[in-house]
Amino acid sequence: MPTHTWRFFRTGGFDQVSIETGADLLSLKDLDQKLWAALSCPLKDLEFDLKTLELVDSDHDGHIRVPEITAAVTWAASVLKDPEFLVKGSAGIPLAAIHDETDEGRGILSSARQILKNLGKEGTDIISIEDTDSEERIFAQMKFNGDGIITVESADSDIIRSVIADIISCLDADVDRSGDPGVSQDKVDQFFAEIQSYSGWQKNSENNSSILILGDSTNVAFEALSKIRDKVNDYFTRCSLAKFDKRSAWLLNPSDADYQMVAPQDLAVSSESFAMFPVALIEADKPLPLVEEINPAWIDSITRLREDVVKPFFGDKNSITAEEWGDINIRFTPYDDWRSAKPEISIEKLGIERINEILNGGYKQQIDELIARDKAFEPEANAISSVDKLVRYCRYLHTLVNNFVAFRDFYNHKAKAVFQAGTLYLDGRSCDLCVKVDDIGKHTVLSSLSRVYLVYCNCIRRGGTDKMIIAAAFTAGDSDQLMVGRNGIFYDRKGQDWDAAIARIIEHPISIRQAFWAPYKQAGKMISEQLMKLAAARSKASEDRIAASAMQSGMQTAAGKPPVEKAFDAGRFAGIFAAIGLAIGAIGTAMAAIVTGLFRLPWWQLPLVIIGVMLLISGPSMLIAWLKLKKRNLGPILDANGWAVNARAKINIKFGTSLTETAKLPEGAKRSLADPYADRKKPWSLYALVTLLIIACIVFWKFGYFALLFKT
């Protein structure tokens, strides 16, 4: 047996559930999903509080579904004394409304009081969204906030503060709930693991003469050696090759062409052009000179090599042999291997003294204790987040339900639905059914099935820095002046204005009135196009004849012959005039037959005949439009945006007319019809009188009234 009595209202062609009480909300979990207006909706592009949507979206997949709606309602009702508070839509809730007989309720109540205390509102008995909106502002006054991240200010000791600052400077900071940079347990573990690794690597070189072969000067010497090593290796290799074959020496040294290439350059500005030359001239078994006969591009590097490397090992020498060079490289091999084993870590910039100080100070344990204290505060901190969740649910959840379980806001016009992006003003109309679109091509695949006349517009503001695309439904008026490229203004839900330009149109009937006049407009358009084509063809033919005649005359004149003028062919034109007369006579006879038939009818049947003819012409178009207008459906428009609309949400003729408003003069406005620039009025009354006289004459002649008159 059902325990809840549901109330439904019918609008949009389907039954929609009325959700007005807390009991209605709590019973949603038992409502058959086949009766829900929608089964899923995206978080994106909804005119709704985004944070509330993210809270309802418990699995964070970017969509809200039925179980998440019912779970949100159940949770909110469980921490309130009276679920009726959920349908009030209040911006704030009294602390007395929070259920304090459950552990979670007591935690939320305690956290609400803590928030007000942190904000300097201790003693206030109502907490609002403005109070809970910013976690940074709430947690700014708290050293620990339960997120497992501690900041510099979380420590009482200056020494620990400095270590935390070092961790932040070496590793990317984690952001604390207060908004300040901080460190998590993972960052702390990584930092101390790195300083342990670096310190161990550094200790491998201490008191090891095979590594630090020159003591504290080893690194300077190694840098000097590394800078010139490849170039010196190249030099001795070339000398060995010259020893192998003396003929190769002149090829291994710079050629005349090489010097000719660099000669035009400004060699004082850059030495790169001749740095490619060997460090010294190549000869068989030649030692490397260290003082003279050195390539100018490498003098500084060779000088450093002589002072920092050669002198400590071999004394003050002016050259070194290949054997001595090999000995130098062998001596630096242990140091090179040790440097290559250095861990690639970011804490090196602290320096070995600071690293050893931190490592030997036992600071990690103290920082770990601070993080543990912060994590211990997690339940209370989560309760603070739950306060914000509860306040938002009380404010917005009922509205969300009435745009998901039912489309109440869309159909009652008291407020815009969450999917309505704003209002488009274009072609003397305002369109209220506008939705945001990401991709026009993808959206039209489904939206065209809605049978709604849709206009896609590219909207920009602030000089083009802000852009969006909308699809606007035109449901009243006509489409005569709607075309790609036309401009309008779009106002979003915040009241901001956007420049809108039509990019694409999905054509469907807009109104019955448009369908009534459509055949006549199409016929007029066809006749106009045919007349224009005929006029263009006649004009071209005339121009061709004139050009041909002028060319022929010119040729005859050039030949010394006067132009021959063709004689007037009376017989030919007589035939033309006869044909025109026959055509006019046929048309007149047909009109006379029609008029005669009309005059034979009783007077009251004439309007019926005229109406019948008009219905015969416009009726099929109106019938097709009426059938299509009855099938207009909101579903495909929303489905194309990622919704799962469960109902056939119709947009019938009456409701559609309310979604698009046409221009109307204000009530009580005064209107002057005197237009100094109006087109000159034609004497239509005179034309009508003459037409009637002609028709009367034709009728009199047809029935022989003129013959009777002349006989008498």
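Q: Which residue takes a positive phi in the hairpin of S17 and S18?

A: Gly495 does, with phi near 85°, in a hairpin that has four residues between its strands. The model is predicted: local features need pLDDT of at least 70 and side-chain atom pairs count only at pLDDT 80 or more, while totals for chains, interfaces and linings use all residues. Residues are numbered from 1 along each chain as its sequence is written, and side-chain values use heavy atoms, with hydrogens and water left out.

Q: How do you know that S17 and S18 are paired?

A: Five bridges join S17 to strand S18 (residues 497-506). Two strands pair if DSSP finds at least two bridges between them, so S17 and S18 qualify.

Q: Which residues make up the covered face of S17, and which the uncovered one?

A: Gly488, Phe490 and Asp492 of S17 (residues 487-492) are on the covered face, whereas Asn487, Ile489 and Tyr491 are on the uncovered one. In a regular strand the side chains alternate between the two faces of the sheet.

Q: What makes something count as a helix or a strand here?

A: Both are DSSP runs numbered from the N terminus: a helix is H or I with at least four residues, and a strand is E with at least two. The chain has 26 helices and 20 strands.

Q: Why are S4 and S19 called edge strands?

A: The open sheet has the order S4-S3-S19, with antiparallel pairing. Strands S4 (63-65) and S19 (644-645) each have a single partner strand, so one side of each has no neighbour in the sheet. Helix H3 (residues 66-78) lies across S3 and S4, at about 75° to S4.

Q: Why are H7 and H8 called roughly perpendicular?

A: Helix H7 (residues 158-170) and helix H8 (residues 185-203) pack at about 90°, with their axes 10 Å apart. The axes are lines fitted to C-alpha atoms, for helices over the stretch in contact, and angles run from 0 to 180 degrees between N-to-C directions. Angles under 35 degrees are roughly parallel, over 145 roughly antiparallel, 65 to 115 roughly perpendicular and the rest oblique. H7 and H8 are therefore roughly perpendicular.

Q: Which residues of H7 and H8 meet?

A: Val163, Asp166, Ile167 and Cys170 in H7 meet Lys187, Val188, Phe191 and Phe192 in H8. Contact means heavy atoms within 4.5 Å.

Q: What makes Phe410 and Phe419 an aromatic pair, and a tilted one?

A: Rings of Phe, Tyr and Trp (its six-membered ring) pair if their centres lie within 6.5 Å; planes under 30 degrees apart count as stacked, over 60 as edge-to-face and the rest as tilted. The count by this rule comes to 22 aromatic pairs. For Phe410 and Phe419, the centres are 5.4 Å apart and the planes 55° apart, so the pair is tilted. Elsewhere, ring pairs link Tyr198, Trp201, Phe222, Phe313, Phe314, Phe332, Tyr335 and Trp338 into a cluster.

Q: How do you know whether Phe410 and Phe419 are buried or exposed?

A: Buried means under 20% relative accessible area, exposed over 50%, and partly exposed in between (1.4 Å probe, protein chains only). Phe410 has 1% and counts as buried; Phe419 has 3% and counts as buried too. Buried residues make up 38% of the 712 residues in the chain.

Q: What makes Lys389 sit over a ring?

A: The rule asks for NZ of Lys or CZ of Arg within 6 Å of the ring centre and within 35 degrees of the ring normal. Lys389 lies over the face of Trp75, 4.5 Å from the ring centre. The charged end of Arg461 sits over the ring of Trp498, 5.7 Å from its centre.

Q: Why is Leu116 called buried?

A: Its relative accessibility is 1%, so Leu116 counts as buried. Leu116 is in helix H4 (residues 103-118). Not counting residues up to four places away in sequence, Leu116 touches Leu95, Lys121, Glu122, Thr124, Ile126, Ile127 and Asp131.
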